[in-house]
Amino acid sequence: MTKKNKKDLTETTVLTNAVDKRSFWERNEASDGILLTETIKKYALSIFRAILLFGMCFMIIQPILNKFSFSFMAEKDLYDTTIIVVPKHFSLSNWKIAIYLLDYKKTLFNTIWVSMLVSIIEVFVCSLVGYGFSRFQFPLKKFWFFCVVLIIVIPPQTISTSLFLHFRYFHFFGKTLNLRGSMSPYLMMCLGCMGLKNGLYIFMIRQFFLGFPFELEEAAYVDGCGPFATFFRIMVPGAKPIITSCFLFSFVWQWTDSFYTELFLGKIKLLSGQISGIVERLGGYLTALNGGSVNPPLAYSNAILSTGILLVIIPVIILYIFCQNLFVESLASTGVKM
């Protein structure tokens, strides 16, 4: 650096320090009021953003906080108008009753393995289909992708009658079988990409693979890999973000699903099915306990229902706590590559 450059740098530093030493109002006067206007806009926007985020978070968290409050209240606290959030008589009886009515240990285990199995199958099959839509040309490709979009748009309730009749009178080599009440119908639908939200997973994975460079596959083909070897060795390792996102979406949606659960898995106790009948079972529980017909009070029924809902969502909250970094990272990576 020459002496002239050093001198210019020194003068610039001195001028900068001199400007920094001026007060806010001096700098605002020098800018003809622009500094004050921009500062007001900056802080007003920050305050508005904070209020908006607080309001949105409160709308989401407040119902859960109310359910936690009800779950720890004794029955007499439910009718005390002076109690709003904090119970006077702390009690765990609601939790014990809800766990008993849900048959929680068995039902939780069933829900975990069913959700895990369904999620793995859905993500595996949808990954293959999404990769095929993004890379290969085949007859009526646009039509079949339009059918995928229809799966996303059309609610499954519109085909519930046909699904019921199809699997209730399932024809297999000339024999009529009743497949309802088992995992077979649902697994068959998952393998055929007709499970819960499968169209969305195919669309997301297709969009992700469209952003992959074709040169990676061409290099794999040159090295002797076939389409399947290229998919599993090259594409799947690079698609971990979108696969993770789809797996977590599938697991959570299956965890709380009641439509397919009631339609096919009637003999398998799952949390989503058990929670819908917890109030009726509460009446039977109180009748057996008191030795006579008892109709549970509305407030007490709501307290037990709130406790049961917490028992259903707590495992999902725990899953999110442990997977939030991976989930956010996967969504961020997916957004960049899409």
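Student: Which residues of the largest nonpolar core touch the most other members?

Tutor: This is a predicted model, in which local features need pLDDT of at least 70 and side-chain atom pairs count only at pLDDT 80 or more, while totals for chains, interfaces and linings use all residues. Residues are numbered from 1 along each chain as its sequence is written, and side-chain values use heavy atoms, with hydrogens and water left out.

A nonpolar core is a set of buried Ala, Val, Leu, Ile, Met, Phe, Trp, Tyr and Cys residues joined through side-chain atoms within 4.5 Å, where buried means under 20% relative accessible area with a 1.4 Å probe, counting protein chains only. The largest nonpolar core has 39 residues, and those touching the most other members are F209, Y260, F264 and L265. Several helices (DSSP runs of H or I, at least four residues, numbered from the N terminus) each supply at least two residues of this core, among them helix 9 (198–210) and helix 13 (259–264). Helix 5 gives the largest share, eight residues.

If we leave aside neighbours within four places in sequence, L265 is in contact (heavy atoms within 4.5 Å) with V114, S182, M183, Y186, Y260 and L270. There is also a second, separate core of 23 residues, whose members include A98, W255, L282 and A303. A98 is one of the buried residues of helix 4 (residues 93–102), together with N94, W95, I97, L101 and L102. These residues lie on the same side of helix 4 because they cover an arc of only 165 degrees around the axis, taken from the directions from the helix axis to the C-beta atoms.

How values were computed: Buried means under 20% relative accessible area, exposed over 50%, partly exposed in between (1.4 Å probe, protein chains only).
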